[in-house]
Amino acid sequence: MDFFYRRKPWYAGQFVRKITPKITIKDSSILFFTTLLNKQKSRLLSVLVRDVDDVFHATKINLPTKNRKIDFDFMESKHVDLENRLSEEHK
């Protein structure tokens with residue numbers, strides 16, 4: 001089970017779940033969410049297929065906050081930092 005992001009509409013076969021955010025999220029923050037969701041793989045793979053949706057919906061993840069609101073700027077800065085480090089490694 002893997003979580004990944006697709007910018008454009010796409011089709012996948014059986015046993016694939018699509019997650020659509022209810023709010024507008026920048027691409028860099030979506031990558032942060034993707035990482036958090038992928039950390040849930042072992043938990044989701046430990047249950048029967050019929051129970052995956054229930055377990056997923058009951059899953060809580062910790063998000064960075066600032067002034068009691070989700071800190072999207074922090075998520076974006078982590079993404080930029082990672083991109084900078086990767087570009088330095090490939091020089």
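Accessible areas here come from the Shrake-Rupley method with a 1.4 Å probe, and for residues only the protein chains shown count as cover. On that basis the protein exposes about 8,000 Å², and carbon and sulfur atoms supply 53% of it.

Now the ground rules. This is a predicted model: local features need pLDDT of at least 70, side-chain atom pairs count only at pLDDT 80 or more, and totals for chains, interfaces and linings use all residues. Residues are numbered from 1 along each chain as its sequence is written, and side-chain values use heavy atoms, with hydrogens and water left out.

Overall form next. The protein has four helices and two strands. Those are DSSP runs numbered from the N terminus: helices are H or I with at least four residues, strands are E with at least two. The order along the sequence is α-α-α-β-β-α.

The C-alpha box along the principal axes is roughly 45 × 35 × 25 Å.

How many of the residues count as buried? Of the 91, 21% do. Buried means under 20% relative accessible area, exposed over 50%, partly exposed in between (1.4 Å probe, protein chains only).

Serine 28 is one to look at. It lies in helix 1, residues 27–38. With a relative accessible area of 11%, serine 28 is buried. Beyond its neighbours within four places in sequence, serine 28 is in contact with Glu76 and His79. Contact means heavy atoms within 4.5 Å.

On to the aromatics. Rings of Phe, Tyr and Trp (its six-membered ring) pair if their centres lie within 6.5 Å; planes under 30 degrees apart are stacked, over 60 edge-to-face, the rest tilted. The count comes to three pairs. One of them, phenylalanine 4 with tryptophan 10, is tilted, at 5.6 Å between centres and 40° between planes. Phenylalanine 4 is partly exposed at 46%, and tryptophan 10 is partly exposed at 35%.

What about phenylalanine 32 and phenylalanine 74? Their centres are 6.4 Å apart and their planes at 80°, so this pair is edge-to-face. Phenylalanine 32 sits in helix 1 and phenylalanine 74 in helix 4 (residues 72–89), so the pair ties together parts 42 residues apart in sequence. Phenylalanine 74 is partly exposed, at 33%.
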